[in-house]
Amino acid sequence: MTDSHLKRSVLITGVGKPGNLAHALLQAFADRGDTIYAVGRKLSDVEASLAEVRQQGAMAHAFGAELTDEAEIERLMGEVGALTDGRLDALVHAAGKFIPFGPVADGSLDTWQSAFANNATSAFLTTRGSLPMLRMAQGAIVYIASVVAMDQEGMAPAGMADYAAAKAAVVQLMRAVADEERGVVRANVIAPGGIKTEAMLAAIGDAPGMVTPQEVAAKVIHLAGPASGDATGTVLLMG
């Protein structure tokens with residue numbers, strides 16, 4: 001059986017209003033016929049994003065949850081597990097937030113902590129909560145990070161130390177999970193240089209090296225499924 005015929009159960013975080021990366025992820029997994037479990041802060045935004053794929057016949061469930069809150073994660077995983085019989089084929093952690101920081105010398109502790117909560121803590125709590133279900137299915141995790149988290153020439157994160165450090169924490173979380181769960185659950189990171197979402201284009205315009213949400217979604221589909229083989233612990237740079 002080819003990968004295109006394997007239907008999976010997929011939990012996607014960071015689903016908000018239509019137009020962001022998660023919206024492209026929803027469409028890509030729906031096109032495969034996978035069952036989607038979509039979560040975002042506002043249930044109404046998640047429902048709005050699911051409307052299009054549901055009209056196309058996709059099986060999609062919406063959840064509202066604050067991913068930085070342990071109790072909310074526990075509730076979320078209980079609800080998802082009840083629908084999946086305790087199995088999950090893939091977790092796609094697309095939740096995150098870019099918060100303007102500026103020079104470290106002028107940086108705000110509140111902004112620093114918010115960046116870590118929304119990017120790193122959310123990834124940790126969601127991963128920890130979903131691992132029992134992922135183990136049951138020998139599933140995969142794909143995290144969305146950023147090239148600013150990597151030690152790449154020309155990628156100095158001046159003015160965004162909070163975001164770069166938080167996304168670097170996500171990369172290290174992935175590496176730890178890949179090692180700890182080797183042979184059972186795969187974990188990988190996609191690190192785009194910039195994604196052409198409505199919010200990003202409004203903030204910085206169409207800068208060189210940016211990629212479309214659809215291009216990122218195609219890479220996520222590959223890493224989340226058996227077509228990527230035993231790949232784990234890797235960082236895929238884009239842009």
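The dialogue below turns to salt bridges, then aromatic pairs, then a pocket.

Guide: Please keep in mind that this is a predicted model.

Visitor: How many salt bridges are there?

Guide: Side chains of opposite charge can pair when their charged atoms come close. In this structure the count comes to 8 salt bridges. One of them joins R32 and D34, with 2.7 Å from N to O.

Visitor: Are R32 and D34 buried or exposed?

Guide: Both R32 and D34 are buried.

Visitor: Where in the chain do the partners R41 and E66 lie?

Guide: R41 and E66 form a salt bridge whose closest N and O atoms are 2.8 Å apart. R41 sits in the loop between strand 2 and helix 2, while E66 sits in the loop between strand 3 and helix 3. The two residues are 25 residues apart, and the pair links distant parts of the chain.

Visitor: Why does R41 count as exposed?

Guide: The relative accessible area of R41 is 52%, and exposed means over 50%, so R41 falls in that class. E66, at 24% relative accessibility, counts as partly exposed.

Visitor: Which parts does the salt bridge of R135 and E181 tie together?

Guide: The closest N and O atoms of R135 and E181 are 2.8 Å apart. R135 lies in helix 4 and E181 in the loop between helix 5 and strand 6, so the bridge ties together parts that are 46 residues apart in sequence. R135 is partly exposed at 40%, whereas E181 is buried at 9%. Salt bridges may also share partners: R8, R32 and D34 are joined into one network in this way.

Visitor: How many aromatic pairs does the model contain?

Guide: The count comes to 3 aromatic pairs. In one of them, W112 and F116 are tilted, with 5.2 Å from centre to centre and 35° between the planes.

Visitor: Where do W112 and F116 lie?

Guide: Both belong to helix 4, 4 residues apart, which is about one turn of the helix. W112 is partly exposed at 32% relative accessibility, and F116 is partly exposed at 24%. Ring pairs also link F101, W112 and F116 into a cluster.

Visitor: What lines the second largest pocket?

Guide: This pocket has a volume of about 260 Å³ and is lined by 16 residues. A137, Q138, G139, G225 and P226 lie nearest its centre. The lining divides into 6 nonpolar, 5 polar and 5 charged residues.

Definitions and conventions:
Residues numbered from 1 in each chain as written. Predicted model: local features only at pLDDT ≥ 70, side-chain atom pairs only at ≥ 80, totals over all residues. Heavy atoms only, no water. Phe/Tyr/Trp six-rings, centres within 6.5 Å; stacked < 30°, edge-to-face > 60°. Buried < 20%, exposed > 50% of the residue type's maximum accessible area, 1.4 Å probe, protein only. 1 Å grid on protein atoms, 1.4 Å probe; cavity = no way out; pocket = protein on both sides within 12 Å on 5 of 7 lines; lining within 4 Å. Points joined across faces, edges and corners; volume = space filled by probe spheres on them. Nonpolar A, V, L, I, M, F, W, Y, C, P; charged D, E, K, R; others polar. Salt bridge = Lys/Arg side-chain N within 4 Å of Asp/Glu carboxyl O.
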